[in-house]
Amino acid sequence: MPANILAMTKSEEMMMDIFWSSEKPLTSVDIVNMKVKDSWCNGLVHNIIRALLKKGLLEECGMEHYGTQYARKLKPSYTREEYAAKFLISKMDGKASMSKVIVALAEDEDKEEMIEELESIIRDLRNGDAEQRRES
């Protein structure tokens, strides 16, 4: 995925935070009703959602009936962590720097705990359990 697709505006980031924080898919009606930001009128919410759909960051997952109309249910295409990883990878100069990013991220953590977590991740990857780990 190209970096320009992954880059988000502040409004798009705010919108994705809403979706990432939700335990269920949302519609544009749900977001307008949340009154997250006073300046977010119905049209602007639709424009932000349209941009996120085009970038592949949101995906449709059903419909919901509102009065005489239907609204699309939407959910994130990636978890917050998957998005962050894809964004970082898109900014790197190749796979050699990926290990340097992991080391940099680990610097602020409890090293023993980080080592145990990384060893667990490596075991899961070797056993093919990476998908299950991502969903938990």
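Residues are numbered from 1 along each chain as its sequence is written, and side-chain values use heavy atoms, with hydrogens and water left out. As the model is a prediction, local features need pLDDT of at least 70 and side-chain atom pairs count only at pLDDT 80 or more, while totals for chains, interfaces and linings use all residues.

Salt bridges come up first. There are five of them in the structure, a salt bridge being a side-chain nitrogen of Lys or Arg within 4 Å of a carboxyl oxygen of Asp or Glu. In one, Glu12 pairs with Lys55, with 2.7 Å between the closest N and O atoms. Glu12 sits in helix H2 (residues 10–21) and Lys55 in the loop between helix H4 (42–54) and strand E1 (58–66), so this pair ties together parts that are 43 residues apart in sequence. Helices (H or I, at least four residues) and strands (E, at least two) are DSSP runs, numbered from the N terminus. Both partners, Glu12 and Lys55, are buried; that label means under 20% relative accessible area, with exposed set at over 50% and partly exposed in between (1.4 Å probe, protein chains only).

Helix H2 also supplies Asp17, which forms a salt bridge with Arg80 of helix H5 (residues 80–91), so here the parts tied together are 63 residues apart in sequence. The closest N and O atoms of Arg80 and Asp17 are 2.7 Å apart. Arg80 counts as partly exposed at 36% relative accessibility, and Asp17 does too at 33%. Another bridge joins Lys73 to Glu64, the closest N and O atoms being 3.9 Å apart. Lys73 is partly exposed at 26%, as is Glu64 at 27%.

On the nonpolar side, Met14, Met34 and Val36 make a surface patch of about 230 Å². Patches take residues with over 30% relative accessible area and no salt bridge, joining like charges within 9 Å and nonpolar side chains (Val, Leu, Ile, Met, Phe, Trp, Tyr) within 5 Å; areas come from the Shrake-Rupley method with a 1.4 Å probe, and for residues only the protein chains shown count as cover. Val36 lies in the loop between helix H3 (28–34) and H4, and is partly exposed at 39%.
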